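Subject: Structure for you to look at

Hello,

Here is the structure I said I would pass on. My notes follow below it.

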Amino acid sequence: MSRARREVELAANLAQVEERITRACDAAGRARADVTLIVVTKTYPAEDVRLLAELGVREFAENRDQEASAKAAQCAGLGLIWHFVGQLQTNKARSVAGYADWVHSVDRVRLVTALSAAVVNSSRAPLNCLVQVALEKESGEEGGRGGVAPGGVRELAEAVAAAPGLRLAGVMTVAPLTGVLAGNPRAAFERLMEISRNLRAIDPAATMVSAGMSGDLEAAIAAGATHVRVGSAVLGVRAALG
Ligand SMILES: *Cc1c(COP(=O)(O)O)cnc(C)c1O
C-alpha cells in the first residue's frame with residue numbers, strides 16, 4: 001500500500017476510535033481530556049508510527065523490547081512518548097529504561113529491582129511504573145499472561161514507591177479471559193478501579209488507570225480508566241502472534 005493510502009486509512013481508523021472515546025466519555029459524564037489514547041503499534045512498522053505522529057498521536061506502546069527499541073530509535077526526534085506494556089524479563093530492564101517513559105507491566109519485585117538499577121545507572125528521569133494486575137488470579141486461575149494477583153498489589157506498589165529512580169503511577173490490567181470475570185470487562189474494570197482506590201489511599205499520586213483495548217475501551221472508560229491502549233482498531237488486525 002502506498003504511503004498516502006495508508007495515511008488515509010490510519011486517519012479514518014483514528015477518527016473512528018476518537019469518536020468512540022468521545023462518546024464513551026459523554027456517556028460516563030467524563031471530560032474527553034480525562035482519557036489518554038495510547039496507540040499500540042506492535043507488529044506494525046516505524047513508518048506507521050511516523051504517519052500516526054503526523055496525525056497528532058504522541059503516545060505509543062509496544063510489548064516486545066527488541067521491536068520497541070528499534071522502533072523508538074527509528075522515530076527518535078519526533079518527540080514521542082513510549083509505553084512498555086508486555087511481559088518483561090529482568091535482563092531487558094536496562095534496554096527498556098533506555099527509551100520508555102512508562103512501564104505498565106510491573107508484576108514482581110525482581111523486576112522492580114532491575115528497573116530501579118537500570119534507571120539509577122543511567123542519567124534518565126525517573127521511570128513511571130504501573131502495577132499490572134492479573135484479575136483472573138483472584139479466582140485462582142493462572143492465566144500465564146503476567147500480572148500480580150490483586151492480593152499482591154500492595155506489596156509490589158510499596159516496593160515501586162521505595163525504589164530509587166521509579167515513580168509509582170498507578171495500575172494496569174487486561175480484561176481476563178478466564179476466571180469469574182471472563183467475558184465481563186465492565187465488572188473486571190470496576191474491580192480494577194477498586195484496587196486503584198485502595199492504592200491511592202497509600203499513595204494519592206498513583207492516579208493512572210490503564211485499561212481498555214480495541215474491543216472493550218467503552219467499558220474501561222465507563223469504569224474510570226485514564227488511559228486506553230488501542231492497537232488493532234487503529235492499525236488493523238495483526239497477523240497471528242501479535
Ligand atoms: C496488543 C495489546 C493491546 C492492544 O490490543 P488491541 O486489541 O489490538 O487494541 C493493549 N494492551 C496490551 C498489553 C497489548 O499487548
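By class, how many residues in the shell around the ligand are nonpolar, polar and charged? The shell has 5 nonpolar, 3 polar and 3 charged residues. Please keep in mind that this is a predicted model.

The ligand site

The residues that surround the ligand are V40, K42, V85, M172, M213, S214, R229, V230, G231, S232 and R238. In K42, an N or O atom of the side chain is 2.6 Å from an oxygen atom of the ligand. For R238, a polar side-chain atom lies 2.7 Å from a ligand oxygen atom. G231 takes part through its backbone, with an N or O atom 2.8 Å from an oxygen atom of the ligand. On its own the ligand would expose 390 Å², and the protein buries 89% of that area.

The aromatic pair

Searching the whole structure turns up 1 aromatic pair. F60 and W82 make up this pair, with 5.6 Å from centre to centre and 35 degrees between the planes. The arrangement is classed as tilted, since stacked applies to planes under 30 degrees apart and edge-to-face to those over 60. F60 belongs to strand β2 (residues 59-62) and W82 to strand β3 (residues 81-84), so the pair ties together parts that are 22 residues apart in sequence.

Regards

Notes: Residues are numbered from 1 along each chain as its sequence is written. This is a predicted model: local features need pLDDT of at least 70, side-chain atom pairs count only at pLDDT 80 or more; totals for chains, interfaces and linings use all residues. Side-chain values use heavy atoms; hydrogens and water are left out. A residue is near a molecule or strand if one of its heavy atoms lies within 4 Å of it. A polar contact is a pair of N or O atoms within 3.5 Å; within protein, one must be able to donate a hydrogen and the other to accept it, and residues adjacent in sequence count only if both atoms are side-chain atoms. Accessible areas come from the Shrake-Rupley method with a 1.4 Å probe; for residues, only the protein chains shown count as cover. Ala, Val, Leu, Ile, Met, Phe, Trp, Tyr, Cys and Pro count as nonpolar, Asp, Glu, Lys and Arg as charged, and the others, Gly among them, as polar. Rings of Phe, Tyr and Trp (its six-membered ring) pair if their centres lie within 6.5 Å; planes under 30 degrees apart count as stacked, over 60 as edge-to-face and the rest as tilted. Helices (H or I, at least four residues) and strands (E, at least two) are DSSP runs, numbered from the N terminus.
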